[in-house]
Amino acid sequence: AHNTPDAQRIFDEIHHAFELSSESLIQLTGQFLHEFKVGLSGYNHAMAMIPSFVTGVPDGTETGTFLALDLGGTNMRVCEVVLKGDTTFSLRQQKYKVSDALKTGEAAVLFDYLADSVDAFLTSNPPSDAPGSHELESTPDVVHLGLTFSFPVEQTALNSGKILTWTKGFSAKHAIGNDVVKLLQDAFDRKHMHVKCVALVNDTVGALLSRAYTAGGCTLGAIFGTGTNGAYVEDIANIKKLANDPAAANGGVMIVNTEWGAFNNSRSHLPSTPFDNALDRLSINPSFQAFEKMISGMYLGEVTRNILLSLVDAAPKSLLFGGKTTAALNAQWGLDTSVMSAVEEAWEGGDGEATPWQNTAPQLSLFEDVEKLDANVATRLNRVRDVIAKELGFSVDAVSLRDAEIVRWASSMVARRAALLSGVAVGTVLIQTGRGVLSGQEGQPTKNEPKIGVGVDGSLIQFYPHFEETLRESLRIVVGADVEKRVEIGLAKDGSGVGAALCALQAVKQA
Ligand code: ADP
């Protein structure tokens, strides 16, 4: 019964539910583009398209020393950034854990903790005298700080913005609707600290700025980490909702934080599976961040865990792990995305060889007689089995090679869908900025630079095997190979710190 056609059909059907045809990728891009335009034209839309009030892109000649505080990911960081003016920088940083109690408690307590962390950092890292630190010297009594705050904020100036919603597991009370810069500055002032928060920047904007600083230019900053989001350089004329804002009077460009993680919150377009729906229902923000929940590190492990559990529980006969589970498999969020990454790395073994079965459902008939498995495949699956046993808490002999193949398949299927959808978001920016034309539509790009700079950050794009390659596959589908070839994806190293410093510099100059 284990290998009956019925069992095979269960796998094939799940596989099919996760597939994205070229037509659906192109259609999704069209819908994405539509949500971009809606977001640029007004407020309170899912795709928030938030003006950053950053009206230029650095070229690498900027100098100065600044503090940066980064809240929004798995860790909170405080750093001191020295911009050297030759596209390089130096940075000293300290990471601090943000407990669940802080994430979900009172906002004032959270912001006091941030201020205490900055205080602790300054005590253990007195400001440096590196060359180019004249900004600090000119105002010796006050240290200027840029805040990277990676949540949706309706920004009204470089140094102020109202918190719209929490995402990524945060839900601190009495924060929504308040100015995040004021919340932080009040905490500094309560402690009589000589620190002034002069700039507020989203991590995607920071990624764009820092990549522009080190690479001499950049069009899009994108994060694929705990969450996903992107910011790009837009013509102010296209930001219709800024029409009456003095910041728009002189035209030019402004960086827009898209908040693309909220694409299609209405869920009418994205191909949700029961595994996505289960995740969404039990999340702290049901029906919000629909796109992000299919893409980012916080969620992919959970989608995969839901698939694995459905197979463990399959009736009339379990299809995985002989019907057994472990504490990790049973716990919500118990399977981290990094485990999927480790499973895929184990399969590949670092040999960079072509990987059979990259994108098909497990072929159950191959496992009827494990002795007859291809030797190379068996070696790879043995490595996968060891990772699964270690990471999910099974004894090695409780995991069959067939189980290993099933976990490998589920991981790569969920990650592949994420990377293809990521390509839709990147492709949308290329089309919106005139660098590409949606497949099947008339017309030519209006911009044809030899290189299109994309600065990225996040563990998913940095470490997940084939993530960038698959994102590019999707880009070729939605904007064509000619455009995709010119896209230069580079790491926005220390993007949030350097970006915040560059923003603080702009704020101090404007003041
Ligand atoms: P953040 O976005 O919080 O600044 P990261 O970019 O490191 O930080 O993203 C953390 C997320 O990335 C976590 O959700 C984690 O599950 C996932 N992750 C961590 N390591 C890996 C890895 N090697 N491969 C894929 N995902 C990973």
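1. A residue is called buried if 20 or more other C-beta atoms lie within 10 Å of its own, the C-beta atoms being placed from the backbone. The model under discussion is predicted. On this criterion, the buried residues of helix H13 are Arg-380, Leu-381, Val-384, Arg-385, Val-387, Ile-388 and Leu-392.

2. An α-helix has 3.6 residues a turn, so residues three or four places apart point the same way. The buried positions of H13 include Leu-381, Val-384 and Ile-388. The cover over the buried residues of H13 includes helix H11 (327–330), helix H12 (337–348) and helix H14 (401–432).

3. Helix H13 spans residues 375–392, 18 residues in total. From its first C-alpha to its last, H13 reaches 25 Å, close to the 26 Å expected at 1.5 Å a residue.

4. Five strands form an open sheet in the order E4-E3-E2-E5-E8, and the pairing is mixed. Strand E4 (89–97) and strand E8 (195–201) stand at the edges with a single partner strand each, so one side of each is left without a neighbour in the sheet. From one strand to the next, the twist averages 25°.

5. Strand E5 (residues 143–149) pairs with E8 in the parallel sense, over six bridges. Thr-148 has Val-201 in E8 as its bridge partner.

6. Helix H4 (residues 107–124) lies across strand E2 (63–71), strand E3 (75–84), E4 and E8. Relative to E3, H4 runs at about 45°.

Conventions. Residues numbered from 1 in each chain as written. Predicted model: local features only at pLDDT ≥ 70, side-chain atom pairs only at ≥ 80, totals over all residues. Helix = DSSP H or I, 4+ residues; strand = E, 2+ residues; numbered from the N terminus. Expected span 1.5 Å × (residues − 1). Buried ≥ 20, exposed ≤ 12 C-beta atoms within 10 Å, placed from the backbone. Contact = placed C-beta atoms within 7 Å. Pairing = 2+ DSSP bridges. Axes fitted to C-alpha atoms, helices over the stretch in contact; angles between N-to-C directions.
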